[in-house]
Every structure is written in C-alpha cells, then in structure tokens.
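Please look at the sequence and the structure before reading on.

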Amino acid sequence: RDLAGSFDVVLIDTGSATFFADYQIVSSKAGSALLVCRKHKTRTNDFLKITEQLKNSKVNRIGAVLNEI
C-alpha cells in the first residue's frame, strides 16, 4: 500500500542500526532517514559510521534525535 499518498509523514521504526542492516533497506525505499540516538548508549563511532553509510547510499538524512535525556 502507498502510505505516502495518504499521510503527510510516515515513520518506520527499524531495529538498532548497529546490529541489523534493516535500516539500509528501509531507508532506501523510504527516501529519507532520521537517526535516533540514546544518550550514554549510542557510541560516537557507530553514529558516524552509520551516517557515512547513509550518505554513500544517497539517502536523504533529515536529522537525528537524542532520546532519554
């Protein structure tokens, strides 16, 4: 089903990008990616690696959210 035709914004939550490659498949189909980082859990190196992978795959990175502040 084409959800984009029915809603202004559609958010799809995937498993942790450090453990699962789902985010690469979903973000390439969705067109954009919003990274969610957990304070004191997400490692800077992991965040930078994932950001670079998204950049290289031409996915539109729309931002990041820092949760559990």
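## Terms and model

The model described here is predicted.

## The largest pocket

The largest pocket holds about 1,200 Å³ of space. Its lining consists of 35 residues, and those nearest the centre are Ile12, Thr14, Leu34, Leu35 and Val36. By residue class, the lining comprises 21 nonpolar, eight polar and six charged residues.

Which helices and strands each supply at least two residues of this lining? They are helix H1 (22–30), strand S1 (32–38), helix H2 (44–56) and strand S2 (60–67). Strand S1 gives the most, with seven residues.

## Asn67 in strand S2

Asn67 belongs to strand S2. Its relative accessibility is 28%, so Asn67 counts as partly exposed.

Along the chain, Asn67 and Val36 are 31 residues apart, yet their C-alpha atoms are separated by 7.1 Å. When residues up to four places away in sequence are not counted, Asn67 touches Val36, Cys37, Arg38 and Lys39. Val36 is also one of the residues nearest the centre of the largest pocket.

## Thr51 in helix H2

Thr51 is located in helix H2. Is this residue buried or exposed? Thr51 is buried, because its relative accessible area is 16% and buried means under 20%.

With residues up to four places away in sequence left out, Thr51 touches Leu35 and Arg61. Leu35, like Val36, is listed among the residues nearest the centre of the largest pocket.

Terms used
Residues numbered from 1 in each chain as written. Predicted model: local features only at pLDDT ≥ 70, side-chain atom pairs only at ≥ 80, totals over all residues. Heavy atoms only, no water. 1 Å grid on protein atoms, 1.4 Å probe; cavity = no way out; pocket = protein on both sides within 12 Å on 5 of 7 lines; lining within 4 Å. Points joined across faces, edges and corners; volume = space filled by probe spheres on them. Helix = DSSP H or I, 4+ residues; strand = E, 2+ residues; numbered from the N terminus. Nonpolar A, V, L, I, M, F, W, Y, C, P; charged D, E, K, R; others polar. Buried < 20%, exposed > 50% of the residue type's maximum accessible area, 1.4 Å probe, protein only. Contact = heavy atoms within 4.5 Å.
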